[in-house]
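User: Could you walk me through this model, one question at a time? I would like the cut-offs along the way.

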Amino acid sequence: MDAGKIAELLAKVDEATTDAVTAALEGGEDPLVLLQEGVIMGLERIGEQFEAGEYFLGELIQGGQIAEKCIALIDLHLPKGRGAPRGVVVIGAVQGLSLI
């Protein structure tokens with residue numbers, strides 16, 4: 001089972017999505033790919049269908065609940081610990097600057 005199929009199942013708000021995630025993990029699929037290209041993409045499709053008026057609040061909530069179950073399954077297989085640093089965030093303000 002690949003991430004695209006998981007995204008497709010989740011976009012259809014199909015309860016079988018969790019079984020597909022389990023099968024993919026057991027089949028050696030990369031959990032990060034399943035998360036990013038499967039679950040997150042499926043949620044984005046649900047959001048698009050909600051915005052288009054094709055899905056209603058019930059489908060939105062049910063899709064979120066299925067996604068939560070999938071994420072819990074995937075989380076068990078994600079590497080623990082710190083990842084590589086992505087960069088530095090600097091927050092500050094200039095003192096005495098007036099734009100008036």
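Predicted model: local features only at pLDDT ≥ 70, side-chain atom pairs only at ≥ 80, totals over all residues.

User: Glad to have it open. Leaving aside neighbours within four places in sequence, what is Leu10 in contact with?

Analyst: Residues are numbered from 1 along each chain as its sequence is written, and side-chain values use heavy atoms, with hydrogens and water left out. Contact means heavy atoms within 4.5 Å. With neighbours within four places set aside, the contacts of Leu10 are Thr17, Val39, Gly42, Leu43, Ile46, Gly63, Ile66 and Ala67.

User: Which residues have the most contacts inside the largest nonpolar core?

Analyst: A nonpolar core is a set of buried Ala, Val, Leu, Ile, Met, Phe, Trp, Tyr and Cys residues joined through side-chain atoms within 4.5 Å. Buried means under 20% relative accessible area, exposed over 50%, and partly exposed in between, with a 1.4 Å probe and protein chains only. The largest such core has 18 residues, and those with the most contacts inside it are Ile6, Leu10, Val21, Leu34, Val39 and Ile74.

User: And which helices each supply at least two residues of this core?

Analyst: Helices (H or I, at least four residues) and strands (E, at least two) are DSSP runs, numbered from the N terminus. The protein has four helices and zero strands. At least two core residues come from each of H1 (3–11), H2 (17–26), H3 (31–51) and H4 (57–75).

User: What do the buried residues of H1 pack against?

Analyst: In H1, the buried residues are Ala3, Ile6, Ala7, Leu9, Leu10 and Ala11. After this helix comes Val13, with a positive phi near 55 degrees. The buried residues of H1 pack against H2, H3 and H4.

User: Is Thr17 buried or exposed?

Analyst: Thr17 sits in helix H2, where it touches Ile6, Leu9, Leu10, Ile66 and Cys70, not counting residues up to four places away in sequence. A polar atom of its side chain lies 2.5 Å from the backbone oxygen of Asp14. Its relative accessibility is 0%, so Thr17 counts as buried.

User: What is the relative accessible area of Thr18?

Analyst: Thr18 is also placed in helix H2. Beyond four places in sequence, its contacts are Ile66, Lys69, Cys70 and Leu73. Thr18 is buried, with a relative accessible area of 16%.

User: What is the radius of gyration of the protein?

Analyst: The elements run α-α-α-α from the N terminus on. Taken over C-alpha atoms, the radius is compared with a globule rule of 2.2 Å times the number of residues to the power 0.38. That rule gives 13 Å for 100 residues, so the protein is more spread out than a compact globule, with a radius of gyration of 19 Å.

Terms used:
Polar contact = N/O pair within 3.5 Å; in protein donor to acceptor, adjacent residues only side chain to side chain.
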